[in-house]
Amino acid sequence: MASVDVDSIKSELEMFDFAYDDEVLEKMLEQCMCHRLTSEGIVLEWVAYSTTKKGLKLSLDTLERFEHEVLNKKVKSRPSFSKKEETLNKTRDVNSLHDLIKAEEEEENLLDSYSTPAKGSQKRALTTPEHPRSKRGVSVMPSPHQLLSPASFSPSATPSQKYSARGGRGEVAARFGTVQGAQWTGQRARGPIRVELLEGPEESLVSSYKFMFQRLRDVRNVLTEKMEELGEELRSHFSIEEFSPASLPAQDSVTVLGQVCCDGNGKLNAQSVLLEAGQDQGGRQVPVDLSELKEFSLFPGQVVVMEGMNTTGKKLVASKLYEGIPLPFYTANEQNEDRVEDNEPVMVMVACGPYTPSDSLSFDPLLDLISVIIRDRPDVCILLGPFVDAKHHQIEKCQLTETFEAVFSRCVDSIVEGTKGVGCRLVFVPSLRDVHHHFIYPQPPFTLPDLSREDAERVSLVSDPCTLLIGGVTFGLTSTDILFHMGAEEISSISGSDRFSRILKHMLTQRSYYPLYPPAEEVNLDYERFQMHGQMPVTPDVLIVPSELRYFIKDVIGCVCINPGRLTKGQVGGTYGRLLIQQGPSLAEGKRQNPCVACQVVKI
């Protein structure tokens, strides 16, 4: 670029008869140097800008606006072609490749000197055929016991020090049930336990599907159908004659059906609650005054029936809130009664990823879990994702030396091979955080085409969410952190109540594995598939909802709900769950008996 000085800018301005002073010239010279413009270029830009502003006068203030509105935007949109990028397309020999690698290393070292190195971060090693990586980092064909060696797929071969030094291994962190001296071992003598989808493969999500093209009209139809279905259940249960339009002025008390939503993009609060009516009731949104309600627990997307006054048609003063009704529990028909010949307890183990510490890609926690499976010999082991966690910093920085699919395959192979002697049934549930899998909810099951026929008989690949039938007992599973998402949105005036119990009750009464609308930003939800595969067909006997929040075991309206925690919590060890289920008489002394007789959350 030719040199720019005050005289050249002055001559260009005089050509267009612009009035100026010395401060204006100095400012324009500064802009030329900062934005790499010639004197002719900046004057032409000013001519175009001032013309659009109807003959704007040249001054320091107008030059500031000009720089903000024109020059800064040009810098952002201007493609930068550095010498480094230009040379990438040239044909290279060995010497030039060495020069390029050396230049990249020097550039990385320069950048590192201006930044604070992240804890545990590792720089990717650059190698050539003439200078190969040392054998320590080379991926060789591992034995079955070395499939999860971090050196096989990551330059970071150092195990997590904090995980190795953890305390409380095997300690029971939470417990449920009144069984004394429960034997936490499986009963292998009776043969494998049957694990199947409750609704069968025909009505369940068993394969991938096309997404990312749903229309807003389809979303509205799904939400409307859900509202009408739950509204009809509430109407018949509470003997309500009919629902009134929410926005119609009335001097008497009215009963309205609608979906809770917020009047803005922020968090829901008691002053921002709107009730959106269905299409049959006008489809309008009406603000709700909750001051007369003694107790309430609401969240966006909740379908409710409210009773109150709406004298102006502009605000509903709610005086009564009708809660949802859960679905009935599963009852085995006569054809299924012979599936459980004996009445021995069935042991089910549950663990949720991530299966690596946050400071290393070492799968030591998963290897420890496999050791626990070999020791306790559970009948069924449910493993929920993520298996290859998209939130792991080494994966975010692309520091793997293998594909995500290859790492996942090694992970699954280690689990299958490591538990082959135990013979337990394995259930794999995907997660939205699995970097190699479809980022959509409901999420289709994994595909493992390389499984042998013998292994495939004891491995079940299911979707997220799903409802399973294990030994005649229904299990509801979802790996999505609905507790965390709803906990951030729910509002309540119920004093002394437990937030976890309220959220779980909402899930059961709304009959959905993800009743929140709109969903959290990290959940990519397909509503048409969600209507088919995201609803609860029955109230499950056991509901498994892993979360980042603290582990727990709770009995919520007859359903045993367990958050087993995650197998790792940051750099330290986490927890897993184990249950004893026993199918028996559904009623005892007039009360329903949950088949989950005992449950524990244990530290890994």
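Predicted model: local features only at pLDDT ≥ 70, side-chain atom pairs only at ≥ 80, totals over all residues.
Biologist: In what sense do strand 9 and strand 10 pair, and over how many bridges?

Modeller: Strand 9, residues 346-352, and strand 10, residues 380-384, pair in the parallel sense, with five bridges between them.

Biologist: Which helix packs on the sheet there, touching strand 9 and strand 10?

Modeller: That is helix 10, residues 364-376, which also touches strand 21 (575-581). The direction of helix 10 makes about 175 degrees with that of strand 9.

Biologist: And which strands does helix 12 touch?

Modeller: Helix 12, residues 404-418, packs on the sheet against strand 10, strand 11 (425-429) and strand 12. Its direction makes about 160 degrees with that of strand 11.

Biologist: What is the strand order of the open sheet of seven strands?

Modeller: The order is 1-24-21-9-10-11-12, and the pairing is mixed. Strand 1 (172-177) and strand 12 (459-461) each have a single partner strand, so one side of each of these edge strands lacks a neighbour in the sheet. On average, neighbouring strands of this sheet are turned by 15 degrees against each other, direction ignored.

Biologist: How do strand 17 and strand 18 pair, parallel or antiparallel?

Modeller: Strand 17 and strand 18, residues 559-563, pair in the antiparallel sense over five bridges. Valine 556 stands opposite cysteine 559 of strand 18. The hairpin of these strands has two residues between them, and isoleucine 557 there takes a positive phi near 40 degrees.

Biologist: A change of topic: at what angle do helix 1 and helix 2 pack?

Modeller: Helix 1 (residues 6-15) and helix 2 (residues 22-35) pack at about 110 degrees, and their axes are 10 Å apart. That angle makes helix 1 roughly perpendicular to helix 2.

Biologist: Which residues meet there?

Modeller: From helix 1, Val6, Ile9, Lys10 and Leu13 meet Leu25, Glu26, Met28, Leu29 and Cys32 of helix 2. By class, this contact has seven nonpolar residues, two charged residues and no polar ones.

Biologist: What is found in the loop between helix 1 and helix 2?

Modeller: Aspartate 17 lies in that loop. Its phi is near 60 degrees, a positive value in a residue other than glycine. Aspartate 17 is exposed, with a relative accessible area of 70%.

Biologist: What about serine 239, buried or exposed?

Modeller: Serine 239 counts as exposed, at 64% relative accessibility. It is in the loop between helix 9 (216-237) and strand 3 (250-262). Serine 239 is not a glycine, yet it has a positive phi of about 55 degrees.

Biologist: Is glutamate 67 buried or exposed?

Modeller: Glutamate 67 counts as buried because its relative accessibility, 16%, is under the 20% cut-off. It lies in helix 4, residues 60-77. Not counting residues up to four places away in sequence, glutamate 67 touches Lys27, Gln31, His35 and Asn72.

Biologist: And alanine 318, which strand holds it?

Modeller: Alanine 318 is in strand 8, residues 316-322, and counts as buried at 0% relative accessibility. Leaving aside neighbours within four places in sequence, its contacts include Val288, Leu293 and Met306.

Biologist: Finally, how much of the whole chain is buried?

Modeller: Buried residues make up 46% of the 604 residues. The chain has 16 helices and 24 strands.

Key:
Residues numbered from 1 in each chain as written. Heavy atoms only, no water. Helix = DSSP H or I, 4+ residues; strand = E, 2+ residues; numbered from the N terminus. Buried < 20%, exposed > 50% of the residue type's maximum accessible area, 1.4 Å probe, protein only. Axes fitted to C-alpha atoms, helices over the stretch in contact; angles between N-to-C directions. Parallel < 35°, antiparallel > 145°, perpendicular 65-115°, else oblique. Contact = heavy atoms within 4.5 Å. Nonpolar A, V, L, I, M, F, W, Y, C, P; charged D, E, K, R; others polar. Pairing = 2+ DSSP bridges.
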